[in-house]
Amino acid sequence: MDAVDAHGKALKELSKEAKKMRKTRASKESVKELRVEVERLKADHLPLDILLHDPAPSAQPQPDCRIFLVRVDMITKFFKVIPTPQTSGSGSSPPTPSSSPSPTIHDNINPLARLNKEKMLNLNLEPDPAERKQISEYPPNLRDQVRRHYIQQGPCQPCNCRFPKRDFGGFMRQFNLEWFNTSYSGWLEYSVKVDATFCLCCYLFKNEHGGHGKVGDSFTKSGFRDWNKAIERFNAHIGEVNSLHNRCFKMMRDLINQEQSILTSFDKQSEKIKSDYRVRLNASIDVARYLLKQGMSFRGHDEGETSTKRGNFVELLQWYANRDDEVKKVVLQSAPQNNMMIAPNIQNEIVNACAKEIMKAIVEDLNGEYFGILVDESKDVSHKEQMALVLRYVNKEGKLIERFLSIVHVKKTTSSSLQKAIYDLLLEHSLSPSQIRGQGYDGASNMQGEINGLKTLILKDNPSAYCIHCFGHQLQLTLVAVAKKHFDVDQFFDIVANVLNIVVRSGLNQELGLQRPGDTRWGSHFKTVRNFITLFSSIINVLEFLASEGANYLERSVAKSLVNDIRSFEFVHMMHLMLKLLAITNDLNMALQRKDQDIINAMKLAGFAKRQLQGMRESKWESLINDASSFCAKHDIVIPEMDKNYHLGKSKRRSSSVTYSHHLRVEVFNTVIDLQLLELNSRFDAVNSNLLLGMASLSPDNSFANYDKERIMKLATLYPHEFSGSKLEDLSYELDNYILFVKEDNDFSNLKGLGDLSERLVETDLYKTWRLVFLLVKLSLILPVATATVERAFSSMKYIKNDLRSRIGDEFLNDCLVCYIEDEVFETIPNDAIIDRFQSMTTRRVQL
């Protein structure tokens, strides 16, 4: 907020004091004269601080108006007085906008407002009306901010929610969603938790009237749920024109209506002021857009006028002004002192407005349809646990979309805490948990636990929210499992890790471009092995240098031992084996990270990877030995004779009864591939379930060759809320006509996957004809495949909240991430929409 915005409370106290003086009729003429002079000076568009600091000299204050002037003096201390320039004449004249120098802004001009802002961030305002604290429980200086927050959010009206039925005299009644579209829409709220309705305006302002009137606690505390008398009670609650509800509703409109603000009435602006303000605000938004899309910081260590590095926001705004004369005339030094639009809290509010508009666009694109959720949690650089939520849905064009919705700090990572955080986030955007039709998590016990895991808790509330263990995570676990079960594989990665550790300590890893493999970083093992082969000569040179020139004996001996380890045929053979094996699974890994990947295609890719591994086991042994032998010849590594006995370990005296050929082919090559196939089968063998078999039957591949009506009907029974008994009959008739049409129509002949089928049904408007078939296609697409989008969100979090920005607040972090990750949506948001939201956040000095 700018200076006047920040001190709205002080100005309100001034207005109350003036009203009190009028009521007591004390020196009424003196106050009136002062008011007239105020209006005269305001008509000349003088700055507010001059107006208050230099009242009319001709009007001598009377004793009874001293209190009023004391209040005036109390406000002036918050504003920097602009010096009045002296003219060449004997007298002095009041400054005008053209003659007064442009003042500078001070970030510490209002520590009280900043303190209130920090308190607001810690209030944890609940979106569900049944869980909110009463307004009277908040500190008096924060109540209007709390009210404004809830008014901006709007009444809690979750759509497409499962409203429980209750027995009223033998008749089952429930909440009617159509009530949100009636005259009650401006105040009526619904709580999913307690299945009851509440009144937003009475909750916000009832305590201002002492609670008198025909409004009990049913619409503000306990909730109303007598559905058999709902309309009657709603109308009784509204009451007559001057009822408590109507007075509360009027107060709610007045609070958000800035035209009624005392600041607005105190400052009647010209069109020129409004035009300059809009240009200034647009420039600040343009600068914020650039910084947000690049993930750059806003603030500088020293933002004073004499500083040469005032932070990215101010410096970029100055650069912008230097290249646009229209902007230069209204920003920075050319802007009014109390309306420069560069203060940190103004930057925060602009960023928040951008993020809110992006999230609004995402929810509108979802259009009240079913969706899946992808959730994961991770610690940021300040060791705070953050939970990220991604929505997966089919939009109006039939395209499969994954959108990052929000990241929130969670104090506990228990399944119940995560469930509450998810439900609160959904409710905040008027999304109902009952619309969830798919869950995607990693393998953590708090997520996948069968008794009290997050997936189980959500399944209890919503049995159709089927959960899929992240395919990418499972694929990574197969490699970890193989390494744990096979000694040679485990030893190989230990040697690689030790080589990388000693290279990192030497500081040469940056030159070589090597990175450590991680059990939780998808594809990291493949990249490490590939780079190890490419840089093998350089690695040998580094280790040999350390073996002779190391800092101490231990470092020299370790380096010498590692040289001997990696210059062995067994190591080279394992290195090439792992490269070929990981190359096969890496293609699957990359495919799983696509946002538009559907589960049927993912299962096909997993099956293809299995067949490739089996083919490698049967026919690729000779080519592997040839590759390893040629690599050894190139790097002067001794190649053993394959028909001689294999020596155990490094000692040539400890020979085994098997030959090198048998050991390398049977005990290493075949065994490692068999273990990999075993892990893939155990982790991806879900094809036989009715869920995936039914979805596979919908696939349009090869002109709908997999179509099976019986399996599709079984799939529909797994979604009882969408397909009741009568709708199952309708689906059966639809399927008969649908399959005949799509097999004959050329538009459906070359489709690849359910995603193409969904888009083609929308393009041809046939989704309106076969609504139930299209619904099954959407439900199949919604089922998550991998949590790659969530993992990318955490990568972005580490980029934005780094060591230099470790103190960034949770709300600002979330806003920056939304704008940075969803930059495509950000591009579609016009500045006018951001300006409208920014203006409605609080009372602004200039109204547009």
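Biologist: How far apart are the end C-alpha atoms of helix 17?
Modeller: They are 20 Å apart. Helix 17 covers residues 415-428, and at 1.5 Å a residue its 14 residues should span 20 Å, so the two agree. The expected span is 1.5 Å times one less than the number of residues. Helices are DSSP runs of H or I, at least four residues, and strands are runs of E, at least two, numbered from the N terminus.

Biologist: What kind of model is this, and how are residues numbered?
Modeller: This is a predicted model, with residues numbered from 1 along each chain; local features need pLDDT of at least 70, and side-chain atom pairs count only at pLDDT 80 or more. Totals for chains, interfaces and linings use all residues, and side-chain values use heavy atoms, without hydrogens and water.

Biologist: Back to helix 17. How many of its residues are buried?
Modeller: 10 of its 14. Buried means under 20% relative accessible area, exposed over 50%, partly exposed in between (1.4 Å probe, protein chains only). Among them are Leu418, Ile422 and Tyr423.

Biologist: What do they pack against?
Modeller: Strands 5, 6, 7 and 8, plus helices 18 and 19. Contact means heavy atoms within 4.5 Å.

Biologist: New topic. Which residue follows helix 17 with a positive phi?
Modeller: Ser430, near 60 degrees. Most residues other than glycine have a negative phi.

Biologist: Where is Asp636, and is Asp636 buried or exposed?
Modeller: Asp636 is in the loop between helix 28 and strand 10. Its phi is also positive, about 60 degrees. At 62% relative accessibility, Asp636 counts as exposed.

Biologist: And Phe704, buried or exposed?
Modeller: Buried, at 2% relative accessibility. Phe704 is in helix 31, and its phi is near 60 degrees.
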